[in-house]
Amino acid sequence: MTQKIAFQGELGAYGHEACVEARPKHDPLPCATFEDALEAVRNGSAELGMIAVENSTYGRVADVHSLLPESGLHIIDETFVRVHINLLGRPGTKLAHIKTALGHVVILPQCGSFLRQHGIKGKVSSDNARAARHVAEGQDDSLGALASELAAKIHGLDILARHIEDHDRNTTRFLIMSREPDYKKRGKSGMMTSFVFRVRNIPAALYKAMGGFATNGVNMTKLESYMVDGHFTATQFYAEIEGHPDDRNVQLALEELNYFTDYMHVMGVYPAAARRHEQR
C-alpha cells in the first residue's frame, strides 16, 4: 500500500507541489490546517507531513514554529520549492476580463505589482487551490485565481499569465515531519539540526548561550523567539544550526547551551537541501 504524506491545503496547493517534488512515491493527503496535517502524521493517517515554514518574500509562516515543538514529531528533511504564481481563469477567459483575483493572504503581496499594473483587485482566500476550485465551479469570468500550474491542471482552468510573482527567486521552504527521528542520514550538502530552548533566568543568559556556537565554529542559520502560552515572561527560542549532534564542535556548543538553559529539545537532524545554498 502506498504511503501518504499530509500537507495543508487542497490538491493543487503549493504544499501539494512540494509533496510531488520531494516525495513522488507518497500519495498526497490534503488537510484543512497545519494542525490537521500534523495530527494526520501523529495518528498514523499519513507517514510524513509536509509543513511550510517560511517564504523568501513574505517571511515565516505564522504560528508554525510554535506548532512544531508541541507536535511530538521530528524533522527528517527539508525542501525548497520555487513558487511560481500564475493567474488562472475559466476556459476561454482573457486577462483583460479579470477584475478580481482570489489568493491566500501570503500570496497576494507576492504579486502585488502585477495586480496593480492590470487593475486587478486582490481578494483573500483561505487557500490558493481552493481559490482555483472556486473559480472553476463558478460562472464569473471576471474572477481569477492566483495559484500553481498544478491547480490549473486539476481544475481545468486556463493560465492567463505565468510567473507573475514580484521576485524571480520567490521560494518557500518546507520541513518534512515524521513520527520517528532519523539521525543516521548524512547529506551531500551537509547536515542541519533544529532545536528549541528556553534560557535560565540569569543576566545575559541568551548572549552567553549563543557564545558557544561562535567559539566552536558552528554556524547558526536561524534564531527566532515566540511567546509560550501567551505569556510575555515565557519566551521560547527556535534555532537551526549547520552540523550534526555527533560532530565534536556541535557537541561542545550544545553542552555550553545546556548550561544556560532550563529546557532544550532537539526537533530534528536532517540533510541540508542543495537549494539551501542557492538562497544565500
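**Entry 1. Two residues with positive phi**

I began with Ala204, which lies in the loop between strand E12 and helix H7 (205-215). The model I am reading is a predicted one. Phi of Ala204 is near 60 degrees, a positive value in a residue other than glycine. I then looked up its accessibility: at 44%, Ala204 counts as partly exposed.

I next turned to His163, in the loop between strand E10 (158-161) and strand E11. His163 is not a glycine either, yet its phi is positive, at about 50 degrees. With a relative accessible area of 38%, His163 is partly exposed.

How many of the five residues of strand E1 (residues 4-8) are buried? I found that four of them are, so E1 is largely enclosed by the rest of the structure.

I then traced the strands that pair with E1. Strand E2 (residues 27-31) runs parallel to E1 and is joined to it by five bridges. Within this pairing, Gln8 has Cys31 of E2 as its bridge partner.

**Entry 2. The nonpolar cores**

The largest nonpolar core has 37 residues, and Met50, Ile51, Leu68, Leu175 and Met177 touch the most other members. Several elements each supply at least two residues of this core, including E1, H1, helix H2 (34-42), E3 and strand E11 (171-178). A second, separate core has 17 residues, among them Phe213, Ile241, Ala253 and Leu254.

I examined Met177 in more detail. Leaving out residues up to four places away in sequence, Met177 touches, among others, Leu38, Val41, Leu48, Ile51, Leu68 and Ser71.

**Entry 3. Ser71**

Is Ser71 buried or exposed? Its relative accessible area is 3%, so I recorded Ser71 as buried. Apart from neighbours within four places in sequence, Ser71 is in contact with Leu38, Arg42 and Met177. I also looked up the separation of Ser71 and Arg179, which are 108 residues apart along the chain: their C-alpha atoms are separated by 9.5 Å.

**Entry 4. Aromatic rings**

A search of the whole structure gave four aromatic pairs. In one of them, the rings of Phe197 and Phe237 have their centres 5.2 Å apart and their planes at 15 degrees, so I noted this pair as stacked. Phe197 lies in strand E12 (residues 191-199) and Phe237 in strand E14 (residues 231-242), so the pair ties together parts that are 40 residues apart in sequence. Both residues, Phe197 and Phe237, are buried.

The rings of Tyr259 and Phe260 have their centres 4.9 Å apart, and their planes are at 90 degrees, so this pair is edge-to-face. Tyr259 counts as exposed, at 55% relative accessibility, whereas Phe260, at 12%, counts as buried.

I then followed the links between pairs: Phe195, Phe197, Phe213 and Phe237 are joined by ring pairs into a cluster. The charged end of Arg198 sits over the ring of Tyr263, 5.3 Å from the ring centre.

Notes: Residues numbered from 1 in each chain as written. Predicted model: local features only at pLDDT ≥ 70, side-chain atom pairs only at ≥ 80, totals over all residues. Heavy atoms only, no water. Phe/Tyr/Trp six-rings, centres within 6.5 Å; stacked < 30°, edge-to-face > 60°. Helix = DSSP H or I, 4+ residues; strand = E, 2+ residues; numbered from the N terminus. Buried < 20%, exposed > 50% of the residue type's maximum accessible area, 1.4 Å probe, protein only. Lys NZ or Arg CZ within 6 Å of the ring centre and 35° of its normal. Pairing = 2+ DSSP bridges. Core = buried A, V, L, I, M, F, W, Y, C linked by side-chain atoms within 4.5 Å. Contact = heavy atoms within 4.5 Å.
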